[in-house]
Every structure is written in structure tokens, then in C-alpha cells.
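Thanks for coming, everyone. Let me put the structure up, and then I will walk through it.

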Amino acid sequence: MADELEPKRLPLSTVTLVFGMLSVPLAFARHLCTLAFVLGVLAVAFALWGRGRQGHPLRRYTAVSLKRSHLGLRAGVVGTACAVVMWVLYATNAIL
């Protein structure tokens with residue numbers, strides 16, 4: 001019973017952070033906008049899934065893993081938005 005009360009790492013928090021952080025610079029590479037969009041959407045989905053897991057009263061997660069997930073969520077949203085903007089700019093030939 002004591003094992004359940006000790007904090008654990010939030011599942012996929014590191015993956016969320018890595019995907020979110022990678023989506024931002026990849027959004028500005030011409031042929032990698034699609035990859036940046038997919039990574040950003042996955043980062044947001046993983047972070048939202050993690051938030052659903054953290055709501056359970058018996059589950060305790062470490063502060064570091066929660067911070068990683070939150071930062072990954074923010075970076076994923078920014079990366080997704082940048083990817084969409086750059087995608088539109090490249091598609092309309094505003095940027096050559």
C-alpha cells in the first residue's frame with residue numbers, strides 16, 4: 001500500500017517534451033513542416049492524456065515529470081501553430 005503513495009514519473013512526459021521541442025525548429029524547415037505538425041499534435045495528445053492520468057486521486061507523480069509534460073504541451077502547441085503558418089506560407093509561395 002505504501003508503494004501507491006510514493007510519487008512516480010508521469011508516463012510519456014519525456015516523450016511529450018522531446019516531441020514538443022522538436023516540432024518548433026522543424027516547422028521552419030521547408031520539407032519538414034508536415035513532420036513538425038505531426039510531432040506537435042502528438043505532443044499535445046500525450047500531454048492531454050497525461051493530464052487525464054494525473055487527475056486520479058490515488059496517483060502521485062513527481063513534480064519534474066509534471067513540469068516536463070507541461071513544457072512539452074506548450075512547445076507542442078507553438079510547434080503546431082508554427083508548422084501550420086509555415087505550411088501556408090510555403091503553399092502560397094509567399095516564401096521561396
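First, a caution. This is a predicted model.

Now the overall picture. The protein chain holds 4 helices and 0 strands. Read from the N terminus, the order of elements is α-α-α-α. The chain has 96 residues, and buried ones make up 29% of them. Next, contact range. Take contacts between residues at least 6 apart in sequence: 78% of these join residues at least 24 apart.

On to the helix pairs. Three of them are on my list.

Start with α2 and α3. Their axes come within 8 Å and cross at roughly 150 degrees. Over 145 degrees counts as roughly antiparallel, so that is what α2 is to α3. The crossing of α2 past α3 is left-handed. Who meets whom? On the α2 side we have Val15, Thr16, Phe19, Gly20, Leu22, Ser23 and Leu26. On the α3 side, the partners are Cys33, Leu35, Ala36, Leu39, Gly40, Leu42, Ala43, Phe46 and Ala47. Sorted by class, the contact of α2 with α3 has 12 nonpolar, 4 polar and no charged residues.

Next, α3 and α4. Helix α3 covers residues 33–54, and helix α4 covers residues 63–91. The two axes come within 7 Å, crossing at roughly 150 degrees. That makes α3 roughly antiparallel to α4. Here, too, α3 passes α4 in a left-handed crossing. The class count for the contact of α3 with α4 is 15 nonpolar, 8 polar and 1 charged residues.

Helix α2 runs over residues 13–26, and its axis is 7 Å from that of α4, at an angle of about 30 degrees. Parallel or antiparallel? The cut-off for roughly parallel is under 35 degrees, and α2 and α4 are therefore roughly parallel to each other. The crossing is left-handed. From α2, the contact uses Ser13, Thr14, Thr16, Leu17, Gly20, Met21, Ser23 and Val24. From α4, it uses Ser65, Arg68, Ser69, Leu71, Gly72, Leu73, Ala75, Gly76, Val78 and Gly79. By class, the contact of α2 with α4 divides into 7 nonpolar, 10 polar and 1 charged.

Now the core. Which residues form the largest nonpolar core? There are 6: Leu26, Ala27, Ala36, Leu39, Cys82 and Ala83. The elements giving two or more residues to this core are α3 and α4. Look at Leu39 in particular. Not counting residues up to four places away in sequence, Leu39 touches Phe19, Leu22, Ser23 and Leu26.

Ser65 has 0% relative accessibility, so it counts as buried. Leaving aside neighbours within four places in sequence, Ser65 is in contact with Lys8, Arg9, Leu10 and Ser13. Ser69 is buried as well, with a relative accessible area of 6%. Again not counting residues up to four places away, Ser69 touches Leu10, Ser13, Thr16 and Ala47.

Further along α4 is Trp87. Buried, or partly exposed? At 40% relative accessibility, Trp87 counts as partly exposed. Beyond its neighbours within four places in sequence, Trp87 is in contact with Cys33, Thr34 and Phe37. One C-alpha distance for your notes: Trp87 to Arg30 is 8.1 Å, for a pair 57 residues apart along the chain.

Last topic, the backbone. Most residues other than glycine have a negative phi. Two residues here go the other way.

One is Leu12, with a positive phi of about 65 degrees. Where does Leu12 sit? Leu12 is in the loop between α1, residues 2–5, and α2. With 35% relative accessibility, Leu12 counts as partly exposed.

The other is Asn93, whose phi is also positive, near 60 degrees. Asn93 is found in the segment after α4.

To recap the pairs. α2 is roughly antiparallel to α3. α3 is roughly antiparallel to α4. α2 and α4 are roughly parallel. That is my tour. Over to you.

Notes:
Residues numbered from 1 in each chain as written. Predicted model: local features only at pLDDT ≥ 70, side-chain atom pairs only at ≥ 80, totals over all residues. Heavy atoms only, no water. Axes fitted to C-alpha atoms, helices over the stretch in contact; angles between N-to-C directions. Parallel < 35°, antiparallel > 145°, perpendicular 65-115°, else oblique. Left-handed = near helix turned anticlockwise from the far one by under 90°. Nonpolar A, V, L, I, M, F, W, Y, C, P; charged D, E, K, R; others polar. Buried < 20%, exposed > 50% of the residue type's maximum accessible area, 1.4 Å probe, protein only. Contact = heavy atoms within 4.5 Å. Core = buried A, V, L, I, M, F, W, Y, C linked by side-chain atoms within 4.5 Å.
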